[in-house]
Amino acid sequence: MAKRSPRASSLADRRGRTALRDLLQKTEIEARNNRMLRPVRARAVGVFYRGRLGGQVVSADRRNRDEYRVAEQDVGGADDGELVRVEQLSAGRLRFPRARIVERLGHSSDPGAVSLLALASHDIPTEFPIAAIAEAEAALPASSAGRSDLRDLALVTIDGADARDFDDAVWAEPDPDPENRGGWHIVVAIADVAWYVRPGTALDREARRRGNSVYFPDRVVPMLPEALSNDLCSLKPGVDRACLAAHLWIDAAGRKRRHRFNRGLMRSAARLTYEQAQAAQEGHSEAELPLPRERLAALYGAFTALAEARTARGTLDLDIDEDRVVLDGEQRPVAIARMARLDSHRLIEEFMILANVAAAEELETQRRPCMYRIHDVPEPERIEELRIVLDEIGIPGLSLAKGQAPKPEMFNRILRRAATTPATALVNELVLRCQAQAAYSGNNIGHFGLSLRRYAHFTSPIRRYADLIVHRALTTSASADRHGRGSGALAPVADREELAAIAEHVSATERRAVDAERAALERYRAIILARSIGSILTGYDCDKRAHRLIERRSGRIFRIGDEVSVRLVEVDAVGGRVVFRIEADDRAIIARGSTGGRIDVDLRRPIGARSGRRR
């Protein structure tokens, strides 16, 4: 069918609007007033500063440092320096808009102020409804009826030293099948959250509203009340716990041969940290394990096969440093520590990815609704921007040819070339920023970064509502007799529209959590850097919008990736913003960007590039 010209389309649109207007003029329309809707007033979070006739509130948003006038009658008892939430009352005709304080969050110098500020700024709920707490506290341990007994398997949890919930346990052994020589049998057991959080309950409504747990250095805001997240759904050592287990069989090259899901009853043999597991695997004599070493050796043997399959698959192999805030006994930040990337981290990640793939395949086979974890190919515009920036860095071999079809290996080649240069951290960050954002969807488009045709999140239903949906879909009552699955299953939510709405919502709450965690980290960085004002530091300039800076007087050029000496001249801890001054040729210059100001450094780092929480 021939396309209409823009002019013809415009004419048709005008005729349509005319016809609609004529119809409305000829039709009697009856309307009645239901209720008056009050206008939604803008709200903000900031720091209150006392004045003679009240005071002012300076917004904590680093991108929009608005100020609000607060009259004495609207102060609400707030003290100077307190973090507060304000509601705007009127627009500022001459200077600042007027507002009133509606919530006091504590003093800005308190140890917990950073995370409280991030929570309030991103409207993350912290209090559970009474009904949800009551349901969680009334829950009883699941019985063994209808469950496979997995208590003889030496399942172990391997997590960070500061982990607060344990929702996955792993086990492996060489596959005894003579037709699968060198292969492995793996079990990934996940807390059976769907047994306790049934569709339509107060717990379910609140978990869906929150979407996920949020993690800060000094606290966790859980998706589920602690009676579940830290107790009945936490796979503590030596305690019987209900689980949904994925039995996975792989060949010697790490390729999955088959899988099976069933509900089980497990008893964790040990709670290991990543460091413990790695030290024991490397044979350190001081590393004591509460389980036979052959059990750990089997886990690493299966991991070696999975790592080989990952390489053959050609996944995006980013190496992004992850930082951890070190707090003292009073919960105040004392340092930012770079987290070591160990094989024990990779082991758990590969086991979880394998289970996630099996979950997606199982739901497709059963023709059940699936909440896919999708990752689209990078947009052409972002690839072109990356190509320009890589050319600007000027390292031989570090370039992208035009017109290449985007594949992970295309980026891996750049990352390998940069690995031996001082720009390796910068290039990894640039490649990460080039990627699309992973999300949830009822429609599958595959996962670009992992080079997988189908992928779902199955392994963390304690802290991700998307995983809970996948658990419910796996525990269909139709499969109850055959595999011991049933209660707590996904109701005929085969309603694709509802699944799409949930996917959109949990994708948004995940982005909100990432933004809040990132905002807290940048404020912690600013607090620590504030102790070094006046110091000269060395670093990279990484402004992706202005690929270089030019000094107006001398014409000196600072290209992206250049190592420069900078003096720290200003820190805004509340906004998480720092200002550096470039030091050059024994004379200081103020580098001006597109905004005409000094270099404002965004302390945020990309989060989730390789984190097991975000994959």
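**Aromatic pairs and helix packing**

In this predicted model, the count of aromatic pairs comes to 3. One of them joins Y300 and F303, whose rings lie 6.5 Å apart centre to centre with 90° between their planes, an edge-to-face arrangement. Both residues belong to helix 8 (residues 293-313), where they are 3 residues apart, or about one turn of the helix, and Y300 and F303 are both buried.

Another pair is formed by F411 and F448, whose ring centres are 6.4 Å apart; because their planes stand at 85°, and planes over 60 degrees apart count as edge-to-face, this pair is also assigned to that class. The pair links distant parts of the chain, since F411 lies in helix 11 and F448 in the loop between strand 18 (439-441) and helix 13, 37 residues apart. F411 has a relative accessibility of 0% and therefore counts as buried, and F448, with a relative accessible area of 9%, is buried as well.

Helix 11 (residues 408-418) also packs against helix 12 (residues 424-434), their axes coming within 9 Å and crossing at roughly 165°, which means that helix 11 runs roughly antiparallel to helix 12. The crossing of the two helices is right-handed. On the side of helix 11 the contact is made by F411, I414, L415 and A418, and on the side of helix 12 by T424, V427, N428, V431 and C434; by class, this contact has 7 nonpolar, 2 polar and no charged residues.

Helix 13 (residues 465-474) is mostly covered, with 10 of its 10 residues buried, among them Y465, D467, H471 and R472.

Key: Residues are numbered from 1 along each chain as its sequence is written. This is a predicted model: local features need pLDDT of at least 70, side-chain atom pairs count only at pLDDT 80 or more; totals for chains, interfaces and linings use all residues. Side-chain values use heavy atoms; hydrogens and water are left out. Buried means under 20% relative accessible area, exposed over 50%, partly exposed in between (1.4 Å probe, protein chains only). Helices (H or I, at least four residues) and strands (E, at least two) are DSSP runs, numbered from the N terminus. Axes are lines fitted to C-alpha atoms, for helices over the stretch in contact, and angles run from 0 to 180 degrees between N-to-C directions. Angles under 35 degrees count as roughly parallel, over 145 as roughly antiparallel, 65 to 115 as roughly perpendicular and the rest as oblique. A crossing is left-handed if the near helix is turned anticlockwise from the far one by less than a right angle, and right-handed if clockwise. Contact means heavy atoms within 4.5 Å. Ala, Val, Leu, Ile, Met, Phe, Trp, Tyr, Cys and Pro count as nonpolar, Asp, Glu, Lys and Arg as charged, and the others, Gly among them, as polar. Rings of Phe, Tyr and Trp (its six-membered ring) pair if their centres lie within 6.5 Å; planes under 30 degrees apart count as stacked, over 60 as edge-to-face and the rest as tilted.
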